[in-house]
Amino acid sequence: MSYFKPAFRHPAAPTNSLGYHEDDYEGSLSTLCAGCGHDSVSGAIVRACFELSLEPHRIAKISGIGCSSKTPTYFLGNSHGFNSVHGRMPSVATGANLANRDLTYIGVSGDGDTASIGMGQFAHLVRRNLNIVYIVENNGCYGLTKGQDSATSDVGSHSKKGDPNPFESIDLCAVALQLGADFVARSFSGDKEQLVPLIKAAISHPGFAFLDVVSPCVTFNNNQGSTKSYEFVREHMEATGTVDFVPMHQEITTRYEEGASQEVCLHDGSVIHLRKGNNEYNLRDRQAAMGAIEQHKAEGQILTGLLYMDPDSLDLHSVVDTSDRPLNSLTEEELCPSLQALDNINESLR
Amino acid sequence: MNPTNIADPEYFHKVVDCQYACPAHTPVPEYIRLIAAGRYSDAYMINWESNVFPGILGRTCDRPCEPACRRGRVEEEPVAICRLKRVAADFKDDITARLPTIPKDKNGKKIALVGAGPASLTVARDLMPLGYSVDVYDEQEFGGGFMRSQIPSFRLPEEVLREEVNYILDMGLVTHFNTYVDSMNSLLEKDYDAIFVGSGAPRGRDLEVPGRQEAASQIHIGINWLESVAFGHIESIGEKVIVLGGGNTAMDCCRTSRRLGGKDVKVIVRSPFADMKASPWEKEDAIHEDIPIIDNHVPVDFVVENGKLVGMHFEKVRAQYNARGKRTLVPLDEPHVFVECDEVLVAIGQENAFPWIERDIGIEFDQWDMPKLNEQTFQSTLDNVFFGGDAAFGPENIITAVAHGHQAAISIDRFCRGKDVRDRPLPGTTLASTKMGVHEWNFDNAVTSDRRFKVPHADKEQTLTDRYLEVELGFDEELGYAEAERCLNCDVQTVFSESLCIECDACVDICPTRCITFTQPETEEQELRLKLTAPANNLTQDLYISDSLPTQRVMVKDEDVCLHCGLCAERCPTAAWDMQKFLYSVTKVSKL
């Protein structure tokens with residue numbers, strides 16, 4: 001087993017507009033099981049941040065506990081990170097974001113960390129529309145404790161050594177939509193062509209962006225009978241359409257035929273193109289999205305891609321009217337106004 | 001595009017860049033691993049089986065392997081393959097017991113070898129163990145050919161040469177030294193079953209410009225002069241020496257001159273410095289010994305005053321290249337340059353010459369007066385006469401001569417047994433997993449970041465006064481180990497099994513040089529190259545393409561800068577990737 005990665009990279013590896021190579025966004029060598037879907041999600045995050053030319057030191061990655069929550073060690077090695085308590089990533093992320101609104105926040109969680117122990121925190125994070133990319137690496141089992149069924153495991157699905165799961169599953173995308181999330185997408189770790197543009201769009205979205213990524217547990221839940229195996233997901237996934245994300249500074253080079261794609265413009269000037277699949281799908285219709293999810297589930301399919309988005313999302317800072325600047329940039333005078341200021345407030349309330 | 005046929009031994013052979021580039025196809029990574037393991041004798045024997053003269057080549061080889069080395073594409077410098085070969089030779093034990101046994105009962109076939117250089121000695125090495133009786137003829141006093149007469153002792157000590165030449169002579173060859181073969185016809189009359197001509201390219205090219213005749217006593221042909229030095233006939237030279245030419249012979253001439261009393265020695269060459277034929281390291285060594293290399297100077301005449309050579313005139317030129325890269329030297333509009341000298345060594349190339357082969361005995365010659373040969377079998381138009389080494393297709397180098405020798409020996413053996421010489425044996429190959437545990441391999445797959453280590457040199461003052469003192473000291477065991485660790489083990493192949501792959505992308509994500517891509521198949525290679533994860537611009541390196549996967553995609557691996565680190569296989573959950581050692585060996589007529 002190798003414990004380190006060779007230092008050599010491709011001599012002609014491209015750089016982004018900041019002059020960084022893709023490997024500048026990598027982290028330590030993964031200690032997850034070989035073939036774990038989570039490593040592919042890490043790879044997609046690396047690729048997305050590289051392609052968006054984000055400055056690594058302007059990113060914070062926050063996680064809870066679990067296989068998924070270990071992964072921030074394996075990407076963005078030059079960014080800020082906080083590996084928090086089980087199911088408590090949302091509250092730590094909220095604190096961080098309120099203190100410094102200028103960073104890009106990437107929350108990484110798993111199905112246990114979000115749909116079980118962290119369900120309460122998750123629900124309130126969605127409601128509050130914190131500006132964060134929230135990625136659930138969803139494998140339908142508790143891999144770190146040897147593969148028990150998790151709350152997202154489908155009825156009847158069974159893991160390597162288990163009986164069929166008797167309980168109804170929680171569909172996190174449906175929950176997020178119901179709770180008012182303005183960016184909801186589902187993807188698959190084995191499909192980077194879909195996942196990378198989704199992560200880029202999610203990072204650019206100005207509020208809470210939810211990504212449920214089916215990420216097979218190669219050790220405990222990649223067997224016949226599992227609905228979260230590589231083979232099953234590949235055979236049963238159906239996309240809402242193909243997502244292209246065009247950042248604001250980049251020229252649109254692909255030509256889109258009239259009516260063949262939907263465009264969603266973000267406030268920063270970036271554009272998300274949804275090239276349609278076979279079905280008509282309206283990105284801006286929350287009820288339709290919820291219906292489509294249910295319908296695909298009933299048909300035994302997994303609906304993936306961008307499910308819903310509202311580019312006019314107002315994030316927590318806008319709603320509660322906080323300081324426009326990060327707290328660490330405020331001066332003592334701004335943080336501790338004079339006695340006169342207090343008197344003025346009191347006077348105004350008389 | 002069709003899936004790559006990895007059953008074709010040449011596919012994986014090409015991945016082992018060094019071995020593929022070597023004319024004798026020595027299994028380089030295999031012996032480098034043995035050096036790292038301290039098994040010097042084993043490393044030496046692998047070399048000896050393949051290239052016959054490891055100690056000599058470890059000092060003097062032209063190293064076609066090194067420019068090919070993958071490491072040079074990954075970082076700046078290739079592995080010091082040549083000097084590692086020397087490490088094996090320097091630190092081996094007595095290997096005489098491991099040499100092939102020569103049967104006492106001969107097979108009744110008699111072979112004559114003309115010339116006792118590397119090509120002929122290789123033929124002898126391959127045929128003697130089969131019971132052939134071999135006679136070798138050479139005009140020199142000892143065996144070794146150009147390895148003895150052309151390569152100065154400060155690069156190749158006499159004892160190293162003698163040891164490796166004697167391994168072969170001691171097999172029981174009948175040597176006819178001090179014997180110049182002056183007639184092929186009379187040799188044919190001696191009833192040999194086959195004759196092998198390995199007489200080299202013995203004629204040094206001369207420079208016919210004004211003053212050549214008048215100053216003849218102070219002008220020497222480089223290869224003849226080196227030979228006279230090697231055999232002790234010349235022991236000194238004037239203080240001011242001009243060496244004309246830009247090849248390795250010129251480098252040997254100038255450095256030898258420095259040791260025989262030359263104080264102001266210059267190399268003057270027509271071409272630009274970068275185009276010179278000499279190996280970069282040879283040029284470096286010459287410059288290190290205070291020998292300036294003056295390029296873009298074309299000789300005009302020898303200047304003779306009072307019957308004595310006093311200098312030469314040169315015309316300054318600049319190189320111009322046309323669209324196809326062909327060079328012309330364009331004179332500059334400047335007065336001729338005069339360079340003072342006492343003696344001139346002309347090292348501007350060498351030619352083949354076969355004045356001793358009668359042209360009416362069935363051996364046909366082509367328009368360049370070279371024997372017409374079959375390029376695979378080395379057989380001439382006279383069935384029982386074979387050529388090899390420089391005598392076959394013009395001046396090359398030792399390792400090429402060895403490669404020729406092996407092939408000629410196969411031909412001679414088949415000829416003597418009455419079989420078709422065009423029927424060539426296939427190479428021997430093995431491909432075996434290196435898997436030891438779940439993610440463990442029986443080779444050291446960690447890739448060191450060390451840069452190429454320099455070979456220590458002896459003190460310059462001393463080496464310039466003693467022409468027998470070897471300049472390079474060679475790696476010691478510690479440095480040899482460190483340098484050996486730089487080898488990327490390109491012979492441990494990344495073998496992909498479509499049927500096992502679950503397309504989890506783990507290999508794509510982990511690959512440090514991003515050489516793996518899963519994508520839709522394409523009909524044209526150029527299209528496919530554009531779709532790969534990392535730029536795939538090196539068209540000399542192949543793409544390894546799998547058969548169709550369940551998603552209808554294919555796995556494409558660009559072999560160009562694969563580090564053979566095994567991480568793809570370590571991160572593969574289903575062992576669809578495996579690290580398998582590929583050993584390719586050119587079949588010789590006798591097995592070691």
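Me: How many helices and strands does chain B have?

Reply: Chain B has 22 helices and 24 strands. Helices (H or I, at least four residues) and strands (E, at least two) are DSSP runs, numbered from the N terminus. Given a radius of gyration of 26 Å, close to the 25 Å that the globule rule gives for 592 residues, chain B is as compact as a globular protein of that length. That radius is taken over C-alpha atoms, and the rule is 2.2 Å times the number of residues to the power 0.38.

Me: What should I know about the model and its numbering?

Reply: This is a predicted model, where local features need pLDDT of at least 70 and side-chain atom pairs count only at pLDDT 80 or more, while totals for chains, interfaces and linings use all residues. Residues are numbered from 1 along each chain as its sequence is written, chains are lettered from A and ligands numbered from 1 in the order in which they are written, and side-chain values use heavy atoms, with hydrogens and water left out. The predictor's confidence in each residue, from 0 to 100, is called pLDDT; chain B averages 95, and 100% of the residues score at least 70.

Me: What share of chain B is buried?

Reply: Buried means under 20% relative accessible area, exposed over 50%, partly exposed in between (1.4 Å probe, protein chains only). In chain B, 59% of the 592 residues count as buried.

Me: Which residues touch the most other members of the largest nonpolar core?

Reply: In soluble globular proteins, nonpolar side chains tend to be buried together. A nonpolar core is a set of buried Ala, Val, Leu, Ile, Met, Phe, Trp, Tyr and Cys residues joined through side-chain atoms within 4.5 Å. Here the largest has 125 residues, and Met184(B) and Phe387(B) touch the most other members. Helix H17 (residues 398–416) of chain B gives the largest share, 10 residues.

Me: What is Met184(B) in contact with?

Reply: Contact means heavy atoms within 4.5 Å. Leaving aside neighbours within four places in sequence, the partners of Met184(B) include Ile195(B), Trp356(B) and Val385(B).

Me: Is helix H3 of chain B largely enclosed or open?

Reply: Eight of the nine residues of H3 (residues 28–36) of chain B are buried, so this helix is largely enclosed by the rest of the structure. Among them are Tyr31(B) and Arg33(B). The buried residues of H3(B) pack against several elements of chain B, including helix H4 (40–51) and strand S24 (577–585). Just after H3(B), Gly38(B) takes a positive phi of about 75°.
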